[in-house]
Amino acid sequence: MYTIFFSSHGIVLQLPCESGKAVTATFFTEQVLPNLIKNIEKYRPKTGTLGMKILTDNTSSHTAKLTKNFLDLEGLELLPHPPYSPGLALCDFWLFPKLKIYLQGKDFNTLQALGTGLYQYFKSIP
């Protein structure tokens, strides 16, 4: 499983998760979000995360109090995501189906090889 964040300019963070490991609020706030902030600061060296808003789905790790507290401390705003809102879940409709087609029949021997393949695919999207 991969956690992927992107902006209108492309991939901001692509982070693999250990096989069989659940994405908990602790993992999200200790591993994912600090890496996301670090990458945002690379792309926006002058402003960093100032004025940034994050849109995620409503999984418990994204909406947990621990996550909300972390985002508040970092000055990031988590946009509300109403349930069953296809207008806000565009990845489910345009990205993931095409990604499944791209991955079909490919064999990745390592997590790193899969990550490279995913990165190449995402970079190819105009």
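This is a predicted model: local features need pLDDT of at least 70, side-chain atom pairs count only at pLDDT 80 or more; totals for chains, interfaces and linings use all residues.

The chain exposes about 8,600 Å², an accessible area found by the Shrake-Rupley method with a 1.4 Å probe, for which only the protein chains shown count as cover in the case of residues. Residues are numbered from 1 along each chain as its sequence is written, and side-chain values use heavy atoms, with hydrogens and water left out.

**Overall fold**

The chain contains five helices and four strands; these are DSSP runs, numbered from the N terminus, with helices (H or I) of at least four residues and strands (E) of at least two. Along the sequence their order is β-β-α-β-α-α-β-α-α. The radius of gyration of the chain is 15 Å, close to the 14 Å that the globule rule gives for 126 residues, so the chain is as compact as a globular protein of that length. This radius is taken over C-alpha atoms, and the globule rule is 2.2 Å times the number of residues to the power 0.38. The C-alpha trace spans about 45 × 35 × 30 Å along its principal axes.

Of the 126 residues in the chain, 32% are buried. Buried means under 20% relative accessible area, exposed means over 50%, and partly exposed lies in between (1.4 Å probe, protein chains only). Among contacts (heavy atoms within 4.5 Å) with a separation of 6 or more, 50% join residues 24 or more positions apart.

**Nonpolar cores**

In soluble globular proteins, nonpolar side chains tend to be buried together. A nonpolar core is here a set of buried Ala, Val, Leu, Ile, Met, Phe, Trp, Tyr and Cys residues joined through side-chain atoms within 4.5 Å. The largest one has 16 residues, and those with the most contacts inside it are Phe5, Leu13, Val32, Leu33, Leu36, Ile54 and Leu71. At least two residues of this core come from each of β2 (10-16), α1 (25-43) and α3 (65-74). The largest share, seven residues, is supplied by α1. Leaving aside neighbours within four places in sequence, Val32 is in contact with Thr3, Phe5, Leu13, Leu15 and Phe27. A second, separate core has eight residues, including Ile11, Cys91, Leu95 and Leu118.

An α-helix has 3.6 residues a turn, so residues three or four places apart point the same way. Which residues of α3 are buried? They are Thr67, Phe70 and Leu71. These residues cover an arc of only 95° around the axis, which puts them on the same side of α3; the arc is that of the directions from the helix axis to the C-beta atoms. Their cover includes α1, β3 (53-54), α2 and β4 (77-78). On the face of α3 turned away from the buried side are the exposed residues Lys65, Asp72 and Leu73. Gly75 follows α3 and has a positive phi, near 75°.

Helix α5 (residues 111-123) has 13 residues and reaches 18 Å from its first C-alpha to its last, close to the 18 Å expected at 1.5 Å a residue. The expected span is 1.5 Å times one less than the number of residues. In α5 the buried residues include Gly115, Gly117, Leu118, Tyr121 and Phe122. They cover an arc of only 160° around the axis, which puts them on the same side of α5. Gln112 and Lys123 are exposed residues on the face turned away from that buried side.

**Single residues**

| Residue | Relative accessibility | Class |
|---|---|---|
| Ser61 | 4% | buried |
| Thr24 | 38% | partly exposed |
| Ile101 | 60% | exposed |
| Gln104 | 63% | exposed |

Ser61 is placed in helix α2 (residues 60-63). Apart from neighbours within four places in sequence, Ser61 is in contact with Val23, Thr24, Ala25, Phe28 and Thr67. Thr24 belongs to the loop between β2 and α1. Thr24 and Ser60 are 36 residues apart along the chain, and their C-alpha atoms are separated by 7.6 Å.

Ile101 lies in helix α4 (residues 90-103), and Gln104 is in the loop between α4 and α5.
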